[in-house]
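Hi there,

Here is the structure I promised to pass on.

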Amino acid sequence: MTFKRPYSAGLAAFAVGLLAASSAYAEATVNKGDNAWMMTSTVLVLLMTIPGLALFYGGLVRSKNMLSVLAQVFYTVCIVTIIWVLYGYSLAFTGGSDFIGGFSKAFLKIAPEGKTILDAQAATFTADVNITELIYICFQMTFAAITPALIVGAFAERMKFAAVALFVPLWVTLIYLPIAHMVWYWAGPDAISAALKAVETAADGAAKTAAQAAFETAKTAFSDDGGWIFKKGAIDFAGGTVVHINAGIAGLVGAILIGKRTGYGKDLMAPHSLTMTMIGASLLWVGWFGFNAGSNLEASGGAALAMTNSFVATAAAALAWMFAEWIIKGHPSLLGALSGAVAGLVAVTPAAGFAGPMGAIVLGLVVGVVCLFFCTVIKNALGYDDALDVFGVHCVGGIVGALGTGILVNPALGGTGVMDYTIGKIAEYDLVAQMTSQFWGVCTTLVWSGVGSAILFKVVDVIVGLRATVEVEREGLDITEHTERAYNM
Amino acid sequence: MKIVMAIIKPFKLEEVRDALTAIGVHGLTVTEVKGYGRQKGHTEIYRGAEYAVSFLPKIKIEVAIASDQVDKTIDAITTAAKTGQIGDGKIFVINLDHAVRIRTGEADAAAL
């Protein structure tokens, strides 16, 4: 990989930003309400993965592979948690280059000068409003954990556990961390807002000139210090690109490289418990409020908007999928409604804090039908065995969401518009510019994750082998790989 | 002695049991089975993946009776299990050579 800027230059820019910022929020304290909300959100996102996603996926496989899916998801949460505090957070959320951060906060070395790690603060989207950095670290940790857990659905029922065990840490390190950095890393609003305020309040004459010069310096530092996709202007409120497109394309690549399940298209591969899938999907919806409304980082109106959108887009998408299926196939299915709900949650993820509620309903209606089309017509036409439709729901839903966000953020359509911190207000909306930015985000993620995942799957195949033997597959992964059965009745 | 074996629709089990009790058949073995006959199977659809499920769930009951009770038993089962729809099931009658009650050692007619 090639960096746009050398590491040292990025570090210098970061240091400038840090110096400028430190004077601004030297005496800032965190708001306990924001902290409480973010701690709640963090455990809600954990709930999405375990048991939400685990049960959603587990119910969809055959009973002989139930535990293998649960084990893979649970393992993923545990390994990513450790990676995150060792170096993951630092590589994703410190300055460095446009593509990856540095090691300055590795091993959670976040304590400010002369203080402890309890005093470290992280920026929100409002100047001089911070939250405790440890909470921000845990919050982002749960995002890093759910993303690779989403991928395991694509190659469910045939991948060796050893292969999953090796693939997940490699993928998080080489695919997730750079994408998270590219999309989400920025300098924070404090320094630029303080400089802007200084210009506005400065007396005329020399003071004004000095303040203006300081502002220009701060503006340059602000524009330089951010991730590559962030600087392209792409907006992604809670992770449509970072989580869903990223995981979805990796899943498709994995499903193609590992091959179809033995007996695919011939044997009965019906879900073994749609009851569990319903429980899992519902827990996903509940947990997703932490994901989307939590991504506001403050317990404010923005969080309430994200919460509202996460209700209505999800409901609209579930109805869209269910009624489309009813019209086309003649029956409304529960699995269709559940799949639609997840597709709606995926699509509203990047839009949650940007779209208006009516826009979110339209987004949900569109994504419900588009994902149904991809999970049935396209998948059958192309013949790949994406076992649990990770691509059809998460990647396709993520793309619909990312592009839809670019449209629905428009204040004329009830959106919030995009904040421009260098002028201190909502920027003028420009459809072409915003959609171009969104395309940059989508395409960068597709290429980075698609190509990178293909390489990683090949590496893992050489080291431990990706695929279980046909005998193991027939017997089921639970008893052969884990020597356990899900149900002893 | 005979064994009357019947394959019936699952939701007809209670009615069949009541009918057999009414004619004095005390004892019945029930097994959950799957199979197909003229009813064939049905189609299940999961997110667009269609599966032809050719084995339908049925209940198999077995009763051991004296030979002179066979007609009455068949009548009782037929009446109770009939819906008139395809898939009501079948009755098979098999010769029974010997029977023993495990607790007492009684044999044949006394063991039924």
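Before the helix pair below, a word on geometry: axes are lines fitted to C-alpha atoms, for helices over the stretch in contact, and angles run from 0 to 180 degrees between N-to-C directions. Helices (H or I, at least four residues) and strands (E, at least two) are DSSP runs, numbered from the N terminus. With that in hand, the axes of helix α9 (residues 240–258) of chain A and α12(A) come within 9 Å, crossing at roughly 145 degrees. From α9(A), the residues A:G240, A:T241, A:V243 and A:H244 meet A:V346, A:T349 and A:P350 of α12(A); here, contact means that C-beta atoms, placed from the backbone, lie within 7 Å. This helix contact is made up of three nonpolar, four polar and no charged residues (Ala, Val, Leu, Ile, Met, Phe, Trp, Tyr, Cys and Pro count as nonpolar, Asp, Glu, Lys and Arg as charged, and the others, Gly among them, as polar).

Please bear in mind that this is a predicted model, where local features need pLDDT of at least 70, side-chain atom pairs count only at pLDDT 80 or more, and totals for chains, interfaces and linings use all residues. Residues are numbered from 1 along each chain as its sequence is written, while chains are lettered from A and ligands numbered from 1 in the order in which they are written.

On confidence, the model scores ipTM 0.78 and pTM 0.90. Chain B has a mean pLDDT (the predictor's confidence in each residue, from 0 to 100) of 93, and 100% of its residues reach 70 or more.

Now for the overall fold. Chain A has 17 helices and four strands, and its C-alpha trace spans about 80 × 45 × 40 Å along the principal axes. Of its 489 residues, 57% count as buried (20 or more other C-beta atoms within 10 Å of the residue's own, C-beta atoms being placed from the backbone; exposed is 12 or fewer, partly exposed in between).

Where do the two chains meet? Eleven residues of chain A are in contact with seven of chain B. On the chain A side, α12 (334–351) and α13 (357–382) are the elements that give two or more residues, and α13(A) gives the most, with three. That side divides into five nonpolar, four polar and two charged residues.

Finally, leaving aside neighbours within four places in sequence, A:L53 is in contact with A:M48, A:V73, A:I146, A:A149, A:L150, A:G280 and A:L284.

Happy exploring!

Notes:
Two residues are in contact if their C-beta atoms, placed from the backbone, lie within 7 Å.
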